[in-house]
Amino acid sequence: MYIDFSKAFDSIVFSKLLFKLQNCGISGRLLAWLSSFIHGRSQCVVLENCFSTVSYVISGVPQGSVLGPILFLVFINDVISICCGDTIVKLFADDLKLYSIFNRTDHSIDLQHSIDELFKWSNLWQLQINLNKCQVLKIRTKCNSVVSSHYSLNDFVLSNVKLVNDLGVYVDSNLSFKHHIATVVTKARQRAGVFFRGFASRSLDIVRKTFVTYIRPILEYNSNVWNPTHKYLIDQIENVQRKFTKRISSISNLSYLERLSILELETLELRRLRFDLVQYYKIFNNLTSLCPADFFNVHQPTLSSRAPAPTLLKPLNTPNYVLSTFFIDL
């Protein structure tokens with residue numbers, strides 16, 4: 001369940017924000033200073049030395065400031081209190097999603113209760129929910145994919161979708177990430193085309209910096225989530241770097257690996273593998289908030305074994321739609 005708040009940063013009521021700051025233990029001169037910081041602000045639009053009428057700001061946190069995001073987090077963080085039963089809330093700034101895991105053929109009652117509580121919370125704190133932008137994504141096995149269920153928010157039936165943009169990653173109901181890969185590949189190719197059309201220089205140093213700074217990050221953002229296992233998807237991503245280096249006239253006659261060696265680059269597939277290994281290391285060394293026991297099965301061999309180091313075990317009878325996920329694709 002993806003929830004969208006209407007103009008969240010601009011809708012914070014000053015008095016209610018100060019109330020929450022007091023509940024966090026802030027008082028005295030610091031509270032008075034924060035009150036002075038958010039009150040008495042004004043704004044106008046400036047275009048070529050022409051000024052619009054000055055309008056006084058009556059709500060919201062000061063955007064563009066260091067304190068603005070912190071004050072917003074203080075205001076919205078207690079939304080997790082609306083959880084009912086097995087519902088889990090994930091929050092990043094004003095991006096809110098609720099989800100529930102269940103093995104029934106009906107919809108989750110706990111999730112609907114949490115949605116109802118969320119509506120009450122939003123009314124209490126005057127943070128309006130944009131119903132038309134709230135979406136429901138269902139990830140199901142094939143055996144119960146035909147079951148239809150609906151969730152509502154204040155009697156408004158929320159739309160079921162098969163694809164959603166979750167913090168920059170397109171997630172579909174089959175967890176294939178084909179659409180996300182196609183999207184980032186297209187965007188990276190467009191940016192590469194802009195460079196070659198707009199810049200005359202083909203200096204290897206400039207070309208490399210351009211690719212590393214402006215193009216490669218598009219292809220690697222959050223790759224731990226969507227790293228593909230199918231060869232045709234791996235090739236789609238790799239072809240962006242292959243064709244980019246091929247367009248450099250001074251090294252275009254060389255093989256792909258030779259071009260990478262000259263530019264001091266690695267294959268994108270190898271880099272994604274390294275990102276995954278780094279993430280595994282962080283999880284198993286408790287450098288993240290994830291508990292290894294919740295996601296991995298570890299085999300501890302006997303001391304007399306030739307390989308006494310523990311190994312990760314792949315889950316048995318894993319459905320196809322999760323085979324390429326980070327915690328299974330070991």
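Which residues form one aromatic cluster? I found that Tyr 280, Phe 284, Phe 295, Phe 296, Phe 326 and Phe 327 form it.

**Entry 1. Basis.** I am working with a predicted model, in which local features need pLDDT of at least 70 and side-chain atom pairs count only at pLDDT 80 or more, while totals for chains, interfaces and linings use all residues. Residues are numbered from 1 along each chain as its sequence is written, and side-chain values use heavy atoms, with hydrogens and water left out.

**Entry 2. Aromatic pairs.** Rings of Phe, Tyr and Trp (its six-membered ring) pair if their centres lie within 6.5 Å; planes under 30 degrees apart count as stacked, over 60 as edge-to-face and the rest as tilted. I looked up Phe 9 and Phe 72, a stacked pair with 4.1 Å centre to centre and 20 degrees between the planes. This pair links distant parts of the chain, 63 residues apart: Phe 9 is in the loop between β1 (2–4) and α1, and Phe 72 is in helix α3 (residues 67–76). Helices (H or I, at least four residues) and strands (E, at least two) are DSSP runs, numbered from the N terminus.

I then checked accessibility, where buried means under 20% relative accessible area, exposed over 50%, and partly exposed in between (1.4 Å probe, protein chains only). Phe 9 counts as partly exposed because its relative accessibility is 22%, whereas Phe 72, at 0%, counts as buried. I also looked up Phe 195 and Phe 199: their ring centres are 5.4 Å apart and their planes at 25 degrees, so this pair is stacked too. Phe 195 is buried, at 4% relative accessibility.

**Entry 3. Helices α1 and α2.** I noted that the axes of α1 (residues 14–23) and α2 (residues 28–38) come within 11 Å and cross at roughly 155 degrees. Therefore α1 is roughly antiparallel to α2 (angles under 35 degrees count as roughly parallel, over 145 as roughly antiparallel, 65 to 115 as roughly perpendicular and the rest as oblique). Axes are lines fitted to C-alpha atoms, for helices over the stretch in contact, and angles run from 0 to 180 degrees between N-to-C directions.

**Entry 4. Positive phi.** Where is Leu 175 found? I located Leu 175 in the loop between β13 (169–172) and α5 (178–198). Leu 175 has a positive phi of about 55 degrees although it is not a glycine, and it is buried, with a relative accessible area of 15%.
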